[in-house]
Amino acid sequence: MSILHHPKVLILDEPTVGVDPQSRNHIFSFIKNICKEWGTTVIYTSHYMEEIEELCKNVFIIDLGKEIAYGCKNEIKAAVFSNNKVMIDAENVSGEIIMKLNKVDGVIKVSDKDGIITLVINLDFKLANVLALLEKQNINIKKISYEEVKLEDVFLSLTGKTLRD
């Protein structure tokens, strides 16, 4: 009934709690559709950060009844964690190469565990610089992946990571 008149604002309070995956996907599609086609503003509340990540542009985080963050989700992420990660699965990685990677522009920190090089990076990072260095050192790359900061990490950082009563 609440959507028959194509509302300008629609408030949905945890609409996917207790629904099956197919219904959840249908709800997501519906929300995206009404925002795009009707121009409806959806106020969406959820404890599931992956839903907020997928559906929302702006985020309002409340903890213990108080606002702790508001704004574009990417701005909130950058304010809490300004660094993302690049993981490179490679062969023949030496300590010398790790030291050289630490000096590449945009690389904040480098670690190597079991042939997986993890680069903590900032906005100045250019993958081409790392690839050129590894190629020069004859390093065989098997896989490269990128890990962006997740909204859930931001939420836990802002609200605390301990279980509450």
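Predicted model: local features only at pLDDT ≥ 70, side-chain atom pairs only at ≥ 80, totals over all residues.
Residues are numbered from 1 along each chain as its sequence is written, and side-chain values use heavy atoms, with hydrogens and water left out. Helices (H or I, at least four residues) and strands (E, at least two) are DSSP runs, numbered from the N terminus.

**Helix α6**

- Leu151, Val154 and Thr159 are the buried residues of helix α6 (residues 151–159), where buried means under 20% relative accessible area with a 1.4 Å probe and protein chains only.
- These residues lie on the same side of α6 because they cover an arc of only 110° around the axis, the arc being that of the directions from the helix axis to the C-beta atoms.
- Gly160 follows α6 and has a positive phi, near 100°.

**Lys77 in helix α3**

- Helix α3 contains Lys77, which is buried, with a relative accessible area of 5%.
- Leaving aside residues up to four places away in sequence, Lys77 touches Glu53, Ser82, Glu148, Val149, Lys150, Leu151 and Val154.

**The largest pocket**

- The volume of the largest pocket is about 870 Å³.
- The closest to its centre, of the 28 residues that line the largest pocket, are Tyr44, Ile52, Cys56, Asn58 and Phe60.
- On a 1 Å grid over the protein atoms alone, a pocket is an open set of points where a 1.4 Å probe fits, with protein on both sides within 12 Å along at least five of seven lines, and lining residues have an atom within 4 Å of a point.
- Grid points are joined across faces, edges and corners, and a volume is the space filled by probe spheres set on the points.
- At least two lining residues come from each of α1 (21–38), β2 (41–45), α2 (49–55) and β3 (58–63), and β3 gives the largest share, 6 residues.
- The lining divides into 16 nonpolar, 6 polar and 6 charged residues.

**The second largest pocket**

- The second largest pocket has a volume of about 230 Å³.
- Of its 13 lining residues, Ala78, Ser82, Asn84, Leu123 and Tyr146 are the closest to its centre.
- Helix α3 (residues 73–80) gives the most to this lining, with 3 residues.

Technical notes:
Nonpolar A, V, L, I, M, F, W, Y, C, P; charged D, E, K, R; others polar. Buried < 20%, exposed > 50% of the residue type's maximum accessible area, 1.4 Å probe, protein only. Contact = heavy atoms within 4.5 Å.
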